[in-house]
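Trainee: I am new to this structure and would like a close look at its charged side chains. Could you walk me through the fold and then stay with that part?

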Amino acid sequence: MRKSPKRPDHALNPQTQTEMTQCAADAYKAADKVLNQVYQQLVAKLDDEEKAQLKEAQTAWLKYRDTNCDFVADQYKGGTMRPDDLCGLPGRCNEEAHQLS
C-alpha cells in the first residue's frame with residue numbers, strides 16, 4: 001500500500017486562512033507528484049498500444065477530476081473557502097495512484 005505524502009508542519013494545524021490555503025496547495029502538489037511517479041512506473045511496463053489506452057483513460061480522468069472539483073468548489077465562489085475546498089484533490093489523486101499501482 002502506497003503511503004500518503006508527508007504534509008508540511010503548517011498543514012498539521014493551520015491557524016489562518018493563508019495557512020489553510022497553503023495547506024491545500026501543498027497537499028495537492030504532493031499528491032500530484034506521487035500520481036505522476038506511479039504513472040511513469042506503469043508506463044515503463046506497457047507496450048505502445050497499452051500506453052495509448054492509458055493516456056486516453058488518464059486524460060479523461062483528469063478532465064473529470066478538474067471539472068468535478070470546479071463544480072464542488074463553486075459552492076464557495078467568491079469566498080475564501082473556495083481554494084481550500086480543492087483540498088479534496090489530494091485524496092482523489094491518491095486514489096487514482098493506488099488504482100494505477
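Mentor: Helices here are DSSP runs of H or I with at least four residues, strands are E runs of at least two, and both are numbered from the N terminus. Keep in mind that this is a predicted model, where local features need pLDDT of at least 70, side-chain atom pairs count only at pLDDT 80 or more, and totals for chains, interfaces and linings use all residues. Residues are numbered from 1 along each chain as its sequence is written, and side-chain values use heavy atoms, leaving out hydrogens and water.

Now to the charges. The structure holds 1 salt bridge, meaning a side-chain nitrogen of Lys or Arg within 4 Å of a carboxyl oxygen of Asp or Glu. Its partners are Arg65 and Asp66, whose closest N and O atoms are 2.9 Å apart. Side chains of opposite charge can pair when their charged atoms come close. Arg65 is buried, at 4% relative accessibility, while Asp66 is partly exposed at 36%. Buried means under 20% relative accessible area, exposed over 50%, and partly exposed in between, using a 1.4 Å probe and protein chains only. Across the chain, buried residues make up 25% of the 101 residues.

Elsewhere, Asp47, Asp48, Glu49 and Glu50 form a surface patch of negative charge. Such a patch joins like charges within 9 Å, from residues with over 30% relative accessible area and no salt bridge. Asp48 lies in helix H3, which spans residues 48-73, and is exposed, with a relative accessible area of 63%.

How values were computed. Patch = residues over 30% accessible without salt bridge, like charges linked within 9 Å, V, L, I, M, F, W, Y side chains within 5 Å. Areas by Shrake-Rupley, 256 points an atom, 1.4 Å probe, with all protein chains shown as cover. Lys, Arg positive; Asp, Glu negative; His and termini not counted. Charge placed at Lys NZ, Arg CZ, Asp CG, Glu CD.
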